[in-house]
Amino acid sequence: MKRRPAQQGKDKGLAAPSGRPQLLRLHNRTLILSLLRQQPLSRAELSRRAGLALPTVSRLVDQLIRDGLVEEGQKQATGGRHATRLHLRAEAGFVLGAELGRDQISVVLSDLQGSVRAQAGQPRAETAEHDVARLATMAGGLLKEAGVDPRRLVGIGVGVPGPLDASAGTVIQPPNFRGWSYVPLRDLLRERFRVPVWIENDANAGALAEHVLGYPQSRNLAFVLADAGVGAGLVLEGQLYRGAGGAGELGHCPVQLGGPTCPCGRRGCVEAIASTDAMLERFTALRHEPAGPAPAGFEDLLAAEAAGDPLARQVLARGGRALGAGLAILANLVSPEVVVLGGRSIRSPSFLQAARRELGRRRFGTGEVKLATTQLGRTSVARGAALLALQGLFQSPFTMGAEALPPSGPVPQGAGG
């Protein structure tokens with residue numbers, strides 16, 4: 001039996017599956033918005049880049065202008081003709097990016113171009129329910145501060161420590177993360193905000209931010225979050241790499257046989273030696289001064305180092321060596337061009353110097369690995385989470401599933417207000 005050849009449409013774009021013309025229109029609409037998010041373009045340029053017929057593009061553009069998502073700019077001469085460049089209206093919609101850290105909640109409000117309009121940070125609460133309520137309160141405060149109508153919020157991204165089930169949006173049971181065990185975070189946030197929500201491992205979100213905002217030319221990058229937990233996010237060949245069941249658990253790579261017990265229950269993990277909690281605990285246990293208050297937090301350990309305390313420097317250097325050993329494992333396996341360090345530990349010179357030396361000592365191979373500290377401060381994970389939401393909103397429904405998008409497309413109709 002001969003197969004009937006597939007019918008070719010007038011457009012060169014993606015052919016619509018049978019019975020799904022609405023998805024095709026949504027795909028084409030999203031494609032136009034994605035192209036305009038990169039740079040202003042004329043209708044003819046959009047037609048060529050999207051592989052769509054010019055009349056199709058014009059109809060889509062006209063609708064996007066009516067919806068307040070796109071605006072026309074000045075006419076420019078191109079090859080003897082005057083073409084009108086179209087712009088994505090960055091203020092037509094906004095996304096929230098949040099980090100649920102082990103000690104703090106950080107939230108940023110971004111427009112459709114990824115520019116941060118407002119940001120805030122507060123200590124974490126005692127339970128998942130209280131954390132979600134606090135995040136919602138912070139979000140409301142940022143929208144008010146930026147003068148943004150809450151109805152123009154179109155998506156939320158959240159970075160949270162693993163392990164988690166990103167596809168289900170469930171936080172499983174991260175070590176040292178009080179009050180969280182099998183929490184359906186995506187469902188809780190969807191119920192509160194009524195917008196699409198994306199959940200991602202915190203180090204992965206940080207890696208996305210560092211790649212897009214810090215090192216866009218690098219094809220292979222690792223972001224290592226060195227704080228109360230230690231985790232790595234990987235960008236390989238320009239794409240965020242998640243593996244089959246959660247990649248990047250650098251903190252639970254063993255670097256010392258028979259070493260101290262890790263919160264995960266195993267011994268000698270990077271996190272058991274290099275986490276802020278582990279270093280503070282060791283410093284407290286080794287102090288010989290009977291007088292004076294015990295250090296209450298990692299800030300006290302950093303202050304002791306700055307004051308010249310040799311024990312503080314020794315403890316922090318030990319943590320740095322453990323991290324450096326883990327970084328060498330990472331570098332020898334995937335050979336990234338750049339490794340970016342974030343988290344509170346990078347504020348310690350002793351920690352950083354030891355990590356750098358240990359990486360150099362253990363590194364095998366000829367490729368140079370640049371070791372840098374984040375330039376995004378404590379917002380790298382939240383910024384990455386906002387970018388994750390933007391990527392989701394501008395992604396084709398054929399590749400992500402139409403259920404992830406609001407019924408009217410990447411941004412609700414009339415979002416431009």
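Good morning. I begin at Val158, which stands opposite Ile199 in strand 9. The model is a predicted one. Strand 6, residues 153-160, and strand 9 run parallel and are joined by five bridges.

These two strands belong to an open sheet of five strands, in the order 5-4-3-6-9, and the pairing is mixed. At the edges are strand 5 (116-123) and strand 9 (197-201), each of which pairs on one side only. From one strand to the next, the twist averages 15°. Helix 5, made up of residues 185-193, lies across strand 3, strand 6 and strand 9, and runs at about 150° to strand 9.

I turn now to Arg102. This residue sits in the loop between strand 3 (94-100) and strand 4 (104-111). Which side chain of opposite charge is nearest to Arg102? It is Glu271, at 4.6 Å. A salt bridge would require a side-chain nitrogen within 4 Å of a carboxyl oxygen, and Arg102, although buried, has no salt bridge. Leaving aside residues up to four places away in sequence, Arg102 touches several residues, including Arg124, Pro161, Phe177 and Gly229.

Finally, helix 3. Its 13 residues, 54-66, should span 18 Å at 1.5 Å a residue, and because the end C-alpha atoms are 18 Å apart, the model agrees with that expectation. Which residues of helix 3 are buried? They are Thr56, Val57, Ser58, Leu60, Val61 and Leu64. In general, an α-helix has 3.6 residues a turn, so residues three or four places apart point the same way. Helix 3 is followed by Gly68, with a positive phi near 85°. Thank you.

Terms used:
Residues are numbered from 1 along each chain as its sequence is written. This is a predicted model: local features need pLDDT of at least 70, side-chain atom pairs count only at pLDDT 80 or more; totals for chains, interfaces and linings use all residues. Side-chain values use heavy atoms; hydrogens and water are left out. Helices (H or I, at least four residues) and strands (E, at least two) are DSSP runs, numbered from the N terminus. Buried means under 20% relative accessible area, exposed over 50%, partly exposed in between (1.4 Å probe, protein chains only). Lys and Arg count as positive and Asp and Glu as negative; His and the chain ends are not counted. Contact means heavy atoms within 4.5 Å. Two strands pair if DSSP finds at least two bridges between them. Axes are lines fitted to C-alpha atoms, for helices over the stretch in contact, and angles run from 0 to 180 degrees between N-to-C directions. The expected span of a helix is 1.5 Å times one less than its number of residues.
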